[in-house]
Every structure is written in C-alpha cells, then in structure tokens.
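Dear colleague,

I am passing on the structure we spoke about, and below it you will find my notes on what the analysis gave. Please read them alongside the coordinates.

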Amino acid sequence: MIYEVFRQERKGQAFAHAGSVEAPNEEFAEAYAREQYGRRGESTALWVAPRDAVHEIDDFADELRKNYHRVDGYPLKEKLGKARELAAKGPRGLSAGAG
Amino acid sequence: MDAREQEFLDYVQGGGQVETEDWMPDEYRAKLIKFIEMHGNSELMGVLPEREWILRAPTLQRKLALTAKVQDEVGHSQLIYRVVEDLGKPRERCLDDLISGKSKFHNVFHYPTKTWGDVGVIAWLVDAAAIISQKALLKCSYAPYARIMKKICWEESFHILHGRDVVLTMMLGTDEQRELVQEALDRWWGPLMQFHGNPISREEDPMYVWRIKSQGNEEARQQFLDGYVPQIWELGLTVPDPKLRKNEDDVWKYSEPDWDELKRVVTGHGPKTAERLELRRTSREETAWVRRAVLAEAA
Amino acid sequence: MTDQVQKILEIADDELILGWRNSEWTGIAPLLEEDVAFSSIAQNEIGHARALYERAAQELGTTADELAFDRSPEEYRCSRLVQLRLVPDWAATIARHYLYETADEERIGVLKQSEDAELAGLAAKIDREEAYHRMHAQMWFERLHDEPRFKAALDELQPLLDVRGEHTPEFATLWEEMTSVRRSLAGATW
C-alpha cells in the first residue's frame, strides 16, 4: 500500500506533502516515514495517511463574474480620483481635510 | 507532432510544470520514465562500490558518515522509483530491467573501488559531478521529480563535505596517504570527465527539448571543472590530463574523453558491471520471501 | 580496570559488533524503505558504542577509536550472538534484533540506575533511541512470528544471547576487515 507523508519543517509552519512510502500497514508506514523524512532532524512532525484517503480536487467553477468577493472586483482608482477632485472644489459645504 | 503535443511542448519550454495526473504526450512520458529510471538505478547501483568500505572504515566517525551516505543513496532510489511507479512503471519491473541489463545506470558505478583513497575521491568528486546535474533537475518540467530533487540535493551536500574531509585528512597525513589520494584521482579522472555525457548540443538533446533536463551536457561539465579543478589543484594534487586548462574565453579545455569507453561501460561492459548486477540479483532472490510475507494483504 | 569499565566495554563491544553486522544490510535489505530504517538502527548502535567507548577511554587514558579498533581480537568482550554473520538471512537477522533489544532493555535499565550521574544520563539517552529499535523489532516480530524459519531462528539464537568468552571463527574475519585500513598505516589519522 502507498502512504502519503506530509512534513512540518518547523513548529508553526504548514504541513507540506513530502513524498510517499510503500508499506503493508500503518505501523510500518509510520516507521518508514519517520526514517525517510525525519532521520536527520529535518522535520518537527509528520502526518502519514493512506494514499486513497487523500482526495484531490482541481476543478473549480467560476463562470458568472464572482469578483464581488475578491480584491480584483474593486478597481477604485477612477472613482477615488473623481472623489478627490470633487472634494478639492469646495462647494456644497465640502472641503478637503474637513471632518 | 499534433497540435496538442505542440501546445504541451510550448508549455514546458515556457517553464510550465506538469503533475502526475496531467495529460502528457506519449513521447514525454516515455523519455521521462527512461531518464528518471536511470537515475534510480544509478543511486541503487552506486551503493555497491561504497558498501564494501562501510565494513572497513578506519574510525567510528568515518564508519557512521559512510553508512549514512550510503543510506541516503538507498533513500534516494526509494524516492525516485516511487516517482517512476506513479508514472506507470512498477518498482519490481524497474529492478527486473536493471538486473537483466535492459536499463542503464551511470558509468561511474561500473568501476572498482580499490583503496580508502577511492572512498574520499568518490564522495568528493563523483558526488560533486552528480550534484551539478541534480541542481539543474530542480527545474525539471515534471514537478514530482523536481520536488524530490530538493531533498536529494539537501542530503548530497553533506556527502561532498564528508568526501572533502576524508581527502583533506589524508593530504595532511603521511606520504603514503597522499599517494593513495593521487592514485585514486588518476583512476577516477577519466570516468569523471565522461560522467556528464558526450557534448551534443542541448537543442539536439530530447531530454533538454522537453525540459526534463534544464542544462546541456557540456554546460554541466564546465560547471564541474570550474568548481572542482581549483579545489584539486590547491591541495597539490595533479589532474592526469596535461591539456587541462582554462582558455582566454574562460572555457575549460581538456583532452577528448574516451566516448567509446563510456558507451561500452553503460551498455553493460564495465569492469564491475556483471559482478554488481549479480549481487543485486542474488540479494533480491534471497529476500523475495520477505517481500511476499510483508507486502501481502495486511492482517 | 574497574568492574564498571569492564561492564561498559562489554556493552560497547556488543553494540559495535552488532552495529557492524547490521550495517552489512545497508544497500541490500529486502525493501528499500526497510534498508533506510535498518541502517539508522545500525548507525545508532555504533553511536552508542562510540559514546560508551568515550566514557571508558576517559578512565583508561585512551581514545574511543583506539578501543574500537586497536585491541587484539581476544580483548573484545562481545557475545557470540552479535558476532554471527547473518546476511542474507533476514529471518535470523530479525530474530537476533528482537532477542538482543529485549535483553538490552534490561541491561541499559540497570545502567540508568547507576550512581554515576554521567553514566546514568548516557544510559537514559541510549534507552530513548533504543525505544525505536524495540518498536521496530516488535513490528517485525508480529509480521514474521508465523514464519517457520523465523521461529527456528529464534530457537537457534536464543541460547547465544549472553555467551561470552571464546569468540566464533567469524569474529576473526570481521576483525581483520574492520581493522585492515588502520593496520595498513599504524598511527595514521583518517
């Protein structure tokens, strides 16, 4: 069976996929992962999981202009320019720097 | 080449990365498997010349360092064969092809190690030649392979230091020890110069075209000479090539390596090829029962 | 030589020779993953030997390397069990590994109680590393305990556990191999 191994290099960091080992069961997989990814103190922690427990998702639907909840949905440059111009003119009781 | 293949080629040549489940042209997959498999074979066969010296290391420190180095090489072959397996060729078939001689491994692992001088020279210079190629592979278009190269390069860095330490200690020792180093260097220089392969231009090298390799053979060799000839000369060692020098254009010039020897050796006719493949074959047979017992359906 | 130093040398010699024998599997173990794991065990054993030799060396006015390599074969105090060359027999190798680690736990346990704080501390460190050896041995024991050749190996090797004194003929060959480079240039630094 193939087991995937994820390693954390230093405390606080994310666990990243490190590789895989072949083993008959969880116990062997842990022993082998420990040696292959930790014998030199290069990892503070490992996660070991059977390959078929890990599911990949790589398709996402983003068809209908969903930029309302992303930063690129807010190009403010033009509006900001006009608002500043308007404030600088002063009428309607507005003046730059007030309030 | 059809449109889809051309698109893929443009993609990898533009620096694109490929994952295991991505579509890839048959030719790319085949070349990839062949290249990566040869690397795995080389790590596994590279173990054998050094193993002999694990049992004859003259201090506890050297014993530990050499055992750890060889352990790393076995570990590398594990990483590499896993990548090949995920591309579609199981480990056992790779081992079948290695043992039968159908697939190849690098020239340097077909030669004998005669003295403790060899142990130092190999760890220092053979590993150095290998790490130059391996650093270039960090940019391989096939991402799973590029990723394991990071771990491999990290582990190799201690190998070179260990090799250099062994050599320096001998160079600071007795005349006999210095002679051991020089004699080993004299024997290993030829294979080292052949290691990076004959100087076909990278545009003619399919491995470069598909961006499996990111550098040409001659480029790698020049880097090796640049890095290591000064290190050799500064110790008072001589390189057994009277033509070796850097010219006005900063290019290393040298006697033409024996490309016939390289071809003979990698096609299975090196001095130690048969003996080492035989050792692989017998140890594999002797432990087959263990794999059957262990890899059988877990209880 | 005090009793304590003799005991330390006995354990160190066992660890050195067993580590040496276990390192013979590096590169040719049954599984690549196992090759890496078992090599760590061999390295640990030699590391333990080194630490113990260093301790003995302080009292004897010598060095760890001199104790490990420069004594004559008769001066080594290792058990007959560790001297045996078991490659390519994985069943016997695991049988020895299992028997040795079980017995060693007791021996190191005694050392952990030593009045000598430094020695007790060293024993504690060794024990923490050997915890992984014991886990590994147990893991394999569970996997192989139904295999006839494994059961036979356990029966055959068990009696040799603490037999010391006369060495096996294989020990002389091992000693020759271990010391060949050092003897080729006596006194040289490697």
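In what follows, two strands pair if DSSP finds at least two bridges between them, and helices (H or I, at least four residues) and strands (E, at least two) are DSSP runs numbered from the N terminus. This is a predicted model, in which local features need pLDDT of at least 70 and side-chain atom pairs count only at pLDDT 80 or more, while totals for chains, interfaces and linings use all residues. Residues are numbered from 1 along each chain as its sequence is written, and chains are lettered from A and ligands numbered from 1 in the order in which they are written.

In chain A, 3 strands form an open antiparallel sheet in the order S2-S1-S3, with strand S2 (16-22) and strand S3 (45-50) of chain A at the edges, each pairing on one side only. Strand S1 (residues 2-8) of chain A is joined to S3(A) by 6 bridges, and A:Phe6 stands opposite A:Trp47 in S3(A).

Between the chains, 5 residues of chain A are in contact with 8 residues of chain B (C-beta atoms, placed from the backbone, within 7 Å).

Chain B has 12 helices and 2 strands, and its C-alpha trace spans about 60 × 60 × 30 Å along the principal axes. Of the 299 residues of chain B, 42% count as buried, that is, with 20 or more other C-beta atoms within 10 Å of their own. Residues 24 or more positions apart account for 74% of the contacts in chain B with a separation of 6 or more.

With kind regards

Note on methods. Two residues are in contact if their C-beta atoms, placed from the backbone, lie within 7 Å. A residue is buried if 20 or more other C-beta atoms lie within 10 Å of its own, exposed if 12 or fewer, and partly exposed in between; C-beta atoms are placed from the backbone.
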